[in-house]
Amino acid sequence: MKLKKLIGCSLALALTASMSSTAFAEGIHGANEDAPNTNTSDETLVIALSSEPSALWMAGTSKAENEMTIIQHALADGLLAYDYAADELVPALASEWEWLDDVHCRFTLRDDVEMTDGSLLIADDVVYSVNTCMEYSQNTDTGRFFVGAEAEDEHTVTIEFNTAAPDILKLLAWSNFGIFSEDEINLVGGVEAAAINPVFGAGKYRFKEWAPGEYILIERNDNYWDPNYVGYFKEIKFTFTNDPSARAMAVQAGDAQVAVDMPITMASSLQNDERVNLHINDMGNTARLFYNMGPKAGATADLKVRQAIDKALDFDAIALVATGGLGQEIHGYFPENSPYYNETFTREEREVDIEGGAALLAEAGYDNGLTLSVLGTSDGEAILTVIQENLRQIGITLEINITDVASFVEKSNAGDYDIIIVGDSVDARYPTLMTFFRESSINSFCIGGCKWTTPEIEEQIVSLIQETDDEKAKEIAGNIEQTFKENMCFSNTYVELRAALTASGIKGFGRIERGLLDPTLMYKES
């Protein structure tokens, strides 16, 4: 008999007891919804970040911290940008682009872009930016895919990639690939110095000051190349507050106008606060519960054990807790709003089946019970507690091991777990797509490494990434997902969300890659 009940859901209900679907619709804002700003001011916008970045230049440091991404996005434009409202690539420093073949793309540069040293952007600057990224940032989501760049003339440059993927151009719109010149970098003392004193680029804002431990200050670029962009705030000041409650109070008290990286579950207490606006947007990721099927695998190496766990999981409860009641369980590898979505699991298949799970566990030889471990960090402990209660129903004792982020990555990479929840990027067919199922070195940069694969799976994933027709890509994805389902390589759980607060009257909340804040679009409501 199948049971549809929210096991362990008292926690989830406590988080959402005061919220109805109507309240959600009225009290929560999305990203990139407001009209563009049209006015300037001499005011300063204060944004409360959760931590201080270690540097401010990804391409020169091989780092990719969220706080660094947010700030660098304002300082250095790329060749292309992504319009998240229209869901399309748009010109930036490059006015045009064309594929010459599967791995060579030619870009025509604007001729009116002024860099920080007063020089105009030329093709050699793009070549230098690509070479710097290749040398200092080979493990980033763009750096690892470059082969090189060649200037054809002052305003034409061709970039060569090491893999064929139509969506690779979306990675060029990410903040870690801003364009800068060699002269700019030399003026501030070289690559190492530029990482903490990033006076370079052609972005909407320019670096002004960094007071370590206190704030980072950037200033509006009044010589910005795009006349259609208007920056309302003259300065943007980033402060650092680890405690999310303190960040929320800073916005409530008027000491800051924006607080980012807020726990989703704070929605229940803040969505009706008239002093603030609550913003929820997706990260482009789906969270999956992966099973250890590698060299250190224990009981989870057995397909029946993995199937038993899947039957016991209450996906409604997991999604409810993980998203504060704002998101739902997912039934395919891609979310439902993706052109590549396939309903790999029906809702009926997702229903809790305690008897079925217990029977499979007994068939696997564990009729007297089983002890497994799950690895996680503090922000996911509530989710793991729900899973722990789910598995108890079929005789599995789940030991929850909570670590800091560094230890989590270390233990994941070592395979020291039975099950683990990790986010998986699905907002485009990047060359990194389905990286958890690829052994090829170019895509091995993921937490815990490859979970499981076969040569056939590897080949199908490459075909999915390279396919130029969306309908064919969807069909390929569906075939891959059926193989994943038959082998129960993971259990789909929920779409990952980000939450932020803005002061009442602040408009222009927008997102960039991975759901991070775009600080350059914000303005005061007139």
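1. Helix α16 gives the largest share of the lining of the second largest cavity, 3 residues. Helices (H or I, at least four residues) and strands (E, at least two) are DSSP runs, numbered from the N terminus. The model is predicted: local features need pLDDT of at least 70 and side-chain atom pairs pLDDT 80 or more, while totals for chains, interfaces and linings use all residues. Residues are numbered from 1 along each chain as its sequence is written, and side-chain values use heavy atoms, without hydrogens and water.

2. The structure holds 2 cavities of 30 Å³ or more. A cavity is a set of points, on a 1 Å grid over the protein atoms alone, where a 1.4 Å probe fits but cannot get out; lining residues have an atom within 4 Å of a point. Points are joined across faces, edges and corners, and a volume is the space filled by probe spheres set on them.

3. The second largest cavity has about 50 Å³ of space. Both α16 (470-487) and β17 give two or more residues to its lining. Among the lining residues are Glu481, Phe484, Lys485, Phe490 and Asn492. By class, 5 are nonpolar, 3 polar and 2 charged (nonpolar: Ala, Val, Leu, Ile, Met, Phe, Trp, Tyr, Cys and Pro; charged: Asp, Glu, Lys and Arg; polar: the others, Gly among them).

4. The largest cavity contains about 150 Å³. Of its 15 lining residues, Val260, Asp261, Arg498, Leu516 and Leu517 are the closest to the centre. At least two lining residues come from each of α3 (66-75), β12 (258-262) and β17 (490-503). The lining divides into 8 nonpolar, 4 polar and 3 charged residues.

Terms used:
1 Å grid on protein atoms, 1.4 Å probe; cavity = no way out; pocket = protein on both sides within 12 Å on 5 of 7 lines; lining within 4 Å.
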